[in-house]
Amino acid sequence: MDFKRTSIIIRREYLNKVKKKSFLVITFLAPILFAALCILPSVIMLKAKEEGKVVAVVDKSGIVLPNLENTETISYEDCTGQSVDALKAELRNSDYDAVLSISELDTENQTVTAEVYSSKPLGMDMSENMNNKINSSVEAYRIEQSGVENLKELMASVKAKVKMKTYTLDEEGKETISESGVYMAVSMILGIVIYMFIVLFGGMVMSSVIEEKSSRVVEVLVSSVKATELMFGKIIGIALVAITQFVLWIVLTGAIVGIVGAITGSSLLGGSDPTELVQMAGVNGEQADAIVSAVTEASGEQDGLQVVLSSIKSMPWGTIGISFLLLFIFGYMLYASLYAAIGSAVENEADTQQLSLPVTIPILLAFFIAIYAFKAPDSALVFWGSMIPFTSPIVMLARLPFGVPMWQLVLSIALLVGTFAVCAWASAKIYKVGILMFGKKSSWKDLWKWLKM
């Protein structure tokens, strides 16, 4: 392979992509969307509060109403003595948004039943607020009826609030405070980033090959350069496009978030529930609590910040950085070569579905394993996912924040490089034949035949 001619193909592919309007639009539009994803959750939390509601309360038990406190979003009016049926009948024409009916006290079970009626479904916050107040009232009544002196204070004093601190020991035995929630967040981010790049830019290679083949431009190109030089030049050129776009996204997103933060100040996040903000990003409740607990500890916010900073500092960033570069390069090259071979075998993107499915499945499998790698980073499933070359670029990167033995990391990268070399050789053989095949829909049998030629 002539590297001089390959470099010309790389330069041509790079300039063709970065000069396209679509590249410029996505490059400058994506940071705005990324910044919006960072900013909008807190804005939504601030703006999506329930409007002021008025609730008519008929409390036959006498224990609930005293504990119903008015807030900015809900106020209670005592309607005890009035008919619940009459209030319900006039609900749409009255100033009330809901009617809360509390039954008479069940002295045997020391509880009450509660029913709420409204002209339209109530919001979750409003329903939970009323339900919590009713439960608190019943608990207070039971404590009072127990006859045990200072029972409430006694229950509060025996309730455990232990926050376990975790430490990581290095090879020299030095202790470093750490928090699994921080490692989990970094693991998820790294796995998602490399998954996005492999899928996005690997697909771009396939689209570029199909575009040149369908326009017959490839016939002119292969008269001047070898098909393998064209394939590798295209793959490397698009890799440089990916790196350029990635750097611009980081810089522009950071600039936009910084500018918005400087304009709005700290009020942007004021009043937001951090757990709810994390859940809006698609993280379930248990995982969200783990992430938030990494930031705010029971002993104080300053300690929580110290834990986060210590956890981030204790990560092997040198190993992570070098590994990210190698896993990204060879993971992308592996899948890009496969996508290039598939693109050479078809004349339009509609015909790629059958051929691209076996390539897409390992990427999706790797993504799902990586998402849950933080739960058991050394489990058998995650271990083999980080060793198998078709899933290792994503899964191994998700494992790295938790620490991976050097022999496993080296073996994973070596297997990835070796698999890339084999797949690149096979893809080049298919590409060399398929790029000049027209008028026939190719199948896996055809690809196997071209591979043996």
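Which side chain meets that of Arg-399 in a salt bridge? It is the side chain of Asp-378, with a distance of 3.2 Å from N to O, where a salt bridge is taken as a side-chain nitrogen of Lys or Arg within 4 Å of a carboxyl oxygen of Asp or Glu. This pair links distant parts of the chain, since Arg-399 belongs to helix H15 (residues 392-399) while Asp-378 sits in the loop between helix H13 (352-371) and helix H14 (380-387), 21 residues apart. Arg-399 is buried at 2% relative accessibility, whereas Asp-378 is exposed at 60%; here buried means under 20% relative accessible area, exposed means over 50%, and partly exposed lies in between, with a 1.4 Å probe and protein chains only.

Before going on, a word on the basis of all this. The model is a predicted one, in which local features need pLDDT of at least 70 and side-chain atom pairs count only at pLDDT 80 or more, while totals for chains, interfaces and linings use all residues. Residues are numbered from 1 along each chain as its sequence is written, and side-chain values use heavy atoms, with hydrogens and water left out.

Of its 453 residues, 40% count as buried. If we take contact to mean heavy atoms within 4.5 Å, then among contacts with a separation of 6 or more, 69% come from residues 24 or more positions apart. The accessible surface is about 25100 Å², and 62% of that belongs to carbon and sulfur atoms, with areas computed by the Shrake-Rupley method and a 1.4 Å probe, and, for residues, only the protein chains shown counting as cover.

Let me return to the salt bridges, of which the structure holds five. Glu-13, which is buried at 2% relative accessibility, meets Arg-12 at 3.6 Å, N to O, and Arg-12 is partly exposed at 25%. Glu-13 also meets the side chain of Lys-234, at 3.0 Å, N to O, and that pair joins helix H8 (residues 227-264), which holds Lys-234, to helix H1 (residues 3-18), which holds Glu-13, across 221 residues. Lys-234 is itself buried, with a relative accessible area of 0%. Through shared partners, salt bridges join Arg-12, Glu-13, Lys-17 and Lys-234 into one network.

Now to the aromatic side chains. Rings of Phe, Tyr and Trp (its six-membered ring) pair if their centres lie within 6.5 Å, with planes under 30 degrees apart counted as stacked, over 60 as edge-to-face and the rest as tilted; by this rule there are 11 aromatic pairs. Phe-197 and Phe-328 make an edge-to-face pair, because their planes stand at 90 degrees, with the ring centres 5.9 Å apart. The two lie 131 residues apart, Phe-197 in helix H6 (residues 180-214) and Phe-328 in helix H12 (residues 317-344). Phe-197 is buried at 4%, and Phe-328 is buried at 8%. Both belong to one aromatic cluster, together with Phe-201, Phe-246, Trp-249, Phe-324 and Tyr-332.

Finally, the cysteines. A search of the whole structure finds zero disulfides, a disulfide being a pair of cysteine sulfur atoms within 2.5 Å. Cys-79 is buried at 3% relative accessibility, and Cys-423 is buried at 13%.

Key
Helices (H or I, at least four residues) and strands (E, at least two) are DSSP runs, numbered from the N terminus.
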